Amino acid sequence: MTAPIFRFNQQRDDLVQTVVERVVAEARDPVLLLNDAAYHELRRLDAAGKDSSRWRKLARSLGGLDHHAARQRLRELADEHAHDVDGNFDPRVYAFASRVLPVGLSILLRPQVLKERGLGDVLRGNALAERIRTSGPIDRIQRLAERGTVVYVPTHLSNLDSPVFAYALESARLPPVTYGAGKNLFTNPVLSFFMRNLGAYRVDRRLRHELYKLVLKAYSCILIERGFHSLFFPGGTRSRSGGVERKLKLGLAGTGLEAFIRTGQRVFFVPATINYMLTLEAETLIDDHLKDAGKARYIIEDDESTRLGRITQLVNQLAHMEGSCAVRFGEPVDPFGNVVDDRGESYDRQGRQVDPRSYVVGDDGQVRQDGNRDGQYTRELGEVAMEQYLCDTVAMTTHVVATAAFARLRAAHGGKDLFALVRRADETIVPRADMLTEIEGVQARLADLDRRGAIQLSTAVRGATASELLGEAERALNGYHASPVLHTQGEGVALLDPKVLLYYQNRLANHGVGWIGGVR
């Protein structure tokens with residue numbers, strides 16, 4: 001069966017028109033929406049020192065608009081936003097990317113693969129399968145993708161997540177998806193070319209007014225209604241702390257429930273985790289997490305992923321270390337958080353089969369939307385996703401060693417708060433024997449969680465000795481990051497970069513293994 005997205009361009013014009021018609025038809029007060037748009041855009045543009053005359057003119061005209069004129073102005077603005085959001089899918093680019101993406105990611109994640117395997121093996125994509133491992137109930141998701149629309153809701157760590165997840169879908173023989181990408185990412189000409197032609201639609205996070213949000217939600221909802229499998233990062237942005245998301249932005253995810261209510265067609269949600277041994281933007285992200293100004297830099301435009309020189313430097317530093325990435329698909333659920341079987345049937349927590357439509361039937365027996373009720377259902381779905389994130393987190397070597405190292409750092413400087421620890425300019429020397437004992441303790445706690453299905457251990461962590469983990473993490477961290485992170489010196493281990501250690505230990509913080517104080 002051909003994936004629905006291959007028919008995307010045949011529907012583009014009608015899709016945009018349907019979005020505009022729905023937004024205008026369901027607008028209760030066009031003047032209020034226009035006034036809200038003018039207010040927010042005036043504030044944004046004036047603060048940035050940019051021309052805001054267009055919006056000032058709109059604001060001044062609102063008092064004289066009759067109902068028809070206001071609705072027409074609303075239609076024009078909604079159409080403008082819908083065309084700006086609109087995505088595109090070119091099967092030729094998809095075929096090209098399917099050949100090129102594995103090669104590019106193979107070399108980025110492990111440059112020495114060219115020497116070890118040869119260009120021919122890399123071009124066949126065999127090397128990448130060793131770097132990006134996919135796991136989870138893939139057979140079931142394949143069947144569900146034929147019975148309804150699948151909405152993936154993975155964790156978000158890096159700007160590499162989209163191409164990595166795209167590769168994971170293809171390697172798992174799952175159909176490609178549409179997804180929203182921050183408009184700031186489209187400034188990179190190479191990245192923009194692929195995103196604009198592979199189903200990505202643009203999300204301008206600078207626009208905070210209600211009309212834009214309505215257009216964006218309508219666009220997403222209609223995509224799902226028409227059977228286009230979708231991808232949302234419900235964290236809203238990359239995890240600044242490195243921790244597993246415990247707060248989600250569920251606006252777009254809620255469009256999956258809305259699409260189900262409007263059409264009755266089955267919609268399945270698949271939580272997933274994207275796990276890296278090393279994160280390209282770790283230093284910038286943890287800095288942003290630690291700064292008060294982090295809230296104002298919701299859209300980071302100057303991190304490592306935007307600087308070609310920085311990427312080249314990091315790739316060169318990777319020449320003698322192993323990279324690793326794991327994408328784990330979680331248990332599929334319906335829009336209400338009920339697990340679903342291979343046939344798409346829903347079962348509640350007591351194992352009883354339930355009809356999803358029964359959740360959205362009104363007092364009159366008709367299926368209908370209810371903002372308060374549906375919002376609560378979406379929040380409950382978010383709770384289910386976050387539970388799965390913890391269970392499907394894959395603990396990597398760097399997470400284990402960083403957790404142990406930061407615990408020893410805190411022990412060496414008892415009473416110091418987080419900011420005093422990460423601002424330390426001097427190195428802390430930990431006896432190697434103590435460091436290995438701490439690593440063994442982390443391993444033991446993780447092994448217990450793994451037995452209970454509360455976390456997953458990477459192949460490199462499972463069965464490795466503490467000494468092996470320390471050596472591998474040291475080579476990885478020091479080979480990837482701009483300055484040494486930790487270094488074995490005789491019988492001691494020097495802890496050199498507390499911030500980077502904090503970032504990687506935070507991945508295990510919400511599991512009760514790493515220090516929780518670093519992710520709050």
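An open sheet of seven strands runs in the order E1-E7-E6-E2-E5-E3-E4, with mixed pairing. Strand E1 (132-135) and E4 stand at its edges, each with a single partner strand, so one side of each has no neighbour in the sheet. The model is predicted.

Visitor: What makes strand E2 and strand E5 a pair?
Guide: Two strands pair if there are at least two bridges between them. Two bridges join E2 (residues 149-154) to E5 (residues 230-231), so they pair. The two strands run parallel. Val151 has Ser230 in E5 as its bridge partner.

Visitor: How do you know that E14 and E15 pair, and how do they run?
Guide: Four bridges join E14 (residues 486-489) to E15 (residues 492-495), and pairing needs at least two, so they pair. They run antiparallel. His487 stands opposite Ala494 in E15. The two strands form a hairpin with two residues between them. Gly490, in the turn, has a positive phi of about 60 degrees.

Visitor: Why is the contact of Arg262 with Glu26 called a salt bridge?
Guide: The closest N and O atoms are 2.9 Å apart. The cut-off is within 4 Å, so the contact counts. The pair links distant parts of the chain, 236 residues apart: Arg262 is in helix H13 (residues 254-263), and Glu26 is in the loop between helix H1 (8-25) and helix H2 (30-47). Arg262 and Glu26 also belong to a network of salt bridges with Arg22, Glu225 and Glu258.

Visitor: Is Arg262 buried, exposed or in between, and why?
Guide: Buried means under 20% relative accessible area, exposed over 50%. Arg262 has 28% relative accessibility, so it counts as partly exposed. Glu26, at 47%, is partly exposed.

Visitor: What makes Asp288 and Arg240 a salt bridge?
Guide: Their side chains meet at 3.3 Å, N to O. The limit is 4 Å, so they qualify. Asp288 lies in helix H14 (residues 282-290), and Arg240 in the loop between E5 and H13, 48 residues apart. Asp288 and Arg240 are buried.

Visitor: Why is helix H10 called mostly covered?
Guide: Eight of its 11 residues are buried. Among them are Val164, Phe165 and Leu169.

Visitor: How do you know that Arg208 can belong to a surface patch?
Guide: A patch residue needs over 30% relative accessible area and no salt bridge. Arg208 has 48% relative accessibility, so it passes the area test and counts as partly exposed. Arg208 gathers with Lys213, Lys217 and Lys249 in a patch of positive charge on the surface. Arg208 sits in the loop between strand E4 (200-203) and helix H12 (210-225).

Definitions and conventions:
Residues numbered from 1 in each chain as written. Predicted model: local features only at pLDDT ≥ 70, side-chain atom pairs only at ≥ 80, totals over all residues. Heavy atoms only, no water. Patch = residues over 30% accessible without salt bridge, like charges linked within 9 Å, V, L, I, M, F, W, Y side chains within 5 Å. Areas by Shrake-Rupley, 256 points an atom, 1.4 Å probe, with all protein chains shown as cover. Lys, Arg positive; Asp, Glu negative; His and termini not counted. Charge placed at Lys NZ, Arg CZ, Asp CG, Glu CD. Buried < 20%, exposed > 50% of the residue type's maximum accessible area, 1.4 Å probe, protein only.
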